[in-house]
2 protein chains.
Amino acid sequence: MCASPASDRVLHTAASLFYKRGIHAVGVDTVVSASAVAKMTLYKHFPSKDALVAAALDEQGTQWRAWFSAAVEAVAPTAPERILAIFDVLGHWFETEGFHGDATLNAAVELRGTEHPAWEVVRAHQGWLRGFIGGLVAEAGLDEPECTADALYLLMEGAIVGAQVGITAHPAAAARCAAGVLVEVRSVAHRPPREAGHGKARGQGQRQGQEQEEVGQ
Amino acid sequence: MCASPASDRVLHTAASLFYKRGIHAVGVDTVVSASAVAKMTLYKHFPSKDALVAAALDEQGTQWRAWFSAAVEAVAPTAPERILAIFDVLGHWFETEGFHGDATLNAAVELRGTEHPAWEVVRAHQGWLRGFIGGLVAEAGLDEPECTADALYLLMEGAIVGAQVGITAHPAAAARCAAGVLVEVRSVAHRPPREAGHGKARGQGQRQGQEQEEVGQ
DNA sequence: CTGGAGGTAGACCGGTCTGTATACGCTTCC
DNA sequence: GGAAGCGTATACAGACCGGTCTACCTCCAG
């Protein structure tokens, strides 16, 4: 970061434009004119549009991760509370003006079926998210940590795209509600002495062999 | 549907191509050559590419909804079981070759920040999904039906994008696991006679006034 | 003073995009 | 027979795309 003022301007402008309108919908000329930089300068710092996209996504993701983890940790002191605080922070984010979902998820959708340097950035960001939740789940000492962390991660992704699509009125609140149930049920304190064989079916592996024809979608 | 054989071919080819490679990444010429139709014929049936995109998405969504509801209803006979069966059907779908997420979600991401006739198709499809789950939740007589149905809907969306991104090993199984917990806790049979004041905090409204700075993303 | 590094401005190239226009079959039904 | 309807083939228009090139400006260090 901050290799040069011009490069920085390009990076931030590009990230903002790609996020707001989409990677394919924003041309290099648009980035150039919006960041008040000559086209040659852009191509001196970034060898191609693809490289610029990856760099912008990475920069944006780095900033977001710092903001997100700090916000979650500032809101709640203990791991179980922080798991719920995730969804409060998300709710706040959803109401931010200019919210258009997760930038890496958007990139993953836009770049599907192609090879692109941004894919590594997407995987890194999503892996970090899953790791963040996994760490909190482990710290909270929840039962079945893998399955629980996966579920919380999916709930978070669902809340993000739910907020983006706009069908659900309060996606963060609904997700928080479900997360609360999950945390409570998986917490050690919840396990009552009665009904010892409760945690038997370990999830994850069940699948029923019912056959149904596929559909192209 | 079936206005003419040529029109049908265009519609299905377009849906398949847009789904696999993205709306912006597929040009009209590609659709034309892939569907073995003259360009003029395409533009005789669809006044613009936007209209074609919307029609193809609609057609694809109609087929998917029919397949999905039939599959869920074939797998399980009762509403609570069907709620869980949703995630089994999803798991089967995720492993289909050529799976690239939900077509309407992809379109919503690709068309963000624009006005496009496909938006109505997206809203209709997502609304149907939410309604499908809401119907099952009501039929199962679960507590806090709105919040529960929202959470299950978000879990489903999360599983879909989770399967698309590929960080989670078994997104459908993890989501099913969480859905099982949710259904059990919200089911009437679960409510124990002790602790009468349990269902007091009605979720949905909680929000804490913690301030934290925003981030552009 | 001088020279190089970094930035600017704008023309330019080949390719692709959506959408249209023209000219030509083939079938079907009066 | 012939005209209408439908589809084909192909060329074209005008815009935009990513990317390159040249020429010029400005600042700062040696």
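A helix here is a DSSP run of H or I of at least four residues, a strand is an E run of at least two, and both are numbered from the N terminus. Keep that in mind, and let's go.

This is a predicted model, so local features need pLDDT of at least 70, side-chain atom pairs count only at pLDDT 80 or more, and totals for chains, interfaces and linings use all residues. Residues are numbered from 1 along each chain as its sequence is written, chains are lettered from A and ligands numbered from 1 in the order in which they are written, and side-chain values use heavy atoms, with hydrogens and water left out.

Start with chain A. It has nine helices and zero strands. Read from the N terminus, the order is α-α-α-α-α-α-α-α-α. Chain A has 217 residues, and 55% of them count as buried. Buried means under 20% relative accessible area, exposed means over 50%, and partly exposed is in between, using a 1.4 Å probe and protein chains only. Next, contacts, meaning heavy atoms within 4.5 Å. Take the contacts in chain A between residues at least 6 apart in sequence: 65% of them join residues at least 24 apart.

Now the inside. A nonpolar core is a set of buried Ala, Val, Leu, Ile, Met, Phe, Trp, Tyr and Cys residues, joined through side-chain atoms within 4.5 Å. How many residues are in the largest nonpolar core? It has 142. The residues with the most contacts inside it are Phe68, Ile86 and Met156 of chain A, and Phe68, Ile86 and Met156 of chain B. Another core lies apart from it, with six residues, including A:Leu105, A:Val165, B:Leu105 and B:Val161.

Skip residues up to four places away in sequence. B:Phe68 then touches B:Ile86, B:Val89, B:Leu90, B:Trp128, B:Leu129, B:Phe132 and B:Met156.

On to the rings. Rings of Phe, Tyr and Trp (its six-membered ring) pair if their centres lie within 6.5 Å; planes under 30 degrees apart are stacked, over 60 edge-to-face, and the rest tilted. That rule gives 18 aromatic pairs over all chains. One of them is A:Trp64 with A:Phe68, which is stacked, at 4.6 Å centre to centre and 10° between the planes. Why about one helical turn between A:Trp64 and A:Phe68? Because they sit four residues apart in helix α4 (residues 49-75) of chain A. Both A:Trp64 and A:Phe68 are buried.

Compare A:Trp93 and A:Phe99. Their ring centres are 4.9 Å apart and their planes are at 85°, so this pair is edge-to-face. A:Trp93 and A:Phe99 are buried too. One aromatic cluster is formed by A:Trp64, A:Trp67, A:Phe68, A:Trp93, A:Phe94, A:Phe99, A:Trp128 and A:Phe132.

Two single residues next. B:Val181 is in helix α9 (residues 171-186) of chain B. Is B:Val181 buried or exposed? Its relative accessible area is 9%, so B:Val181 is buried. Leave aside its neighbours within four places in sequence, and B:Val181 is in contact with A:Val181, A:Leu182, A:Val185 and A:Arg186.

B:Gln126 sits in helix α7 (residues 118-140) of chain B. Its relative accessibility is 0%, so B:Gln126 counts as buried. A polar contact is a pair of N or O atoms within 3.5 Å; within protein, one must be able to donate a hydrogen and the other to accept it, and residues adjacent in sequence count only if both atoms are side-chain atoms. The side chains of B:Gln126 and B:Thr104 make a polar contact of 2.9 Å.

Last stop: the DNA. A residue is near a strand if one of its heavy atoms lies within 4 Å of it. DNA strand D is surrounded by 16 residues, and the closest are A:Val28, A:Lys39, A:Met40, A:Lys49 and B:Thr41. Which part of DNA strand D is 2.6 Å from a side-chain N or O atom of A:Lys39? A base oxygen. A:Tyr43 has a side-chain N or O atom 3.0 Å from a phosphate oxygen of DNA strand D.

DNA strand C also has 16 residues around it, with A:Thr41, B:Val28, B:Lys39, B:Met40 and B:Lys49 coming nearest. A side-chain N or O atom of B:Lys39 lies 2.6 Å from a base oxygen of DNA strand C. For B:Tyr43, a polar side-chain atom lies 3.2 Å from a phosphate oxygen of DNA strand C.
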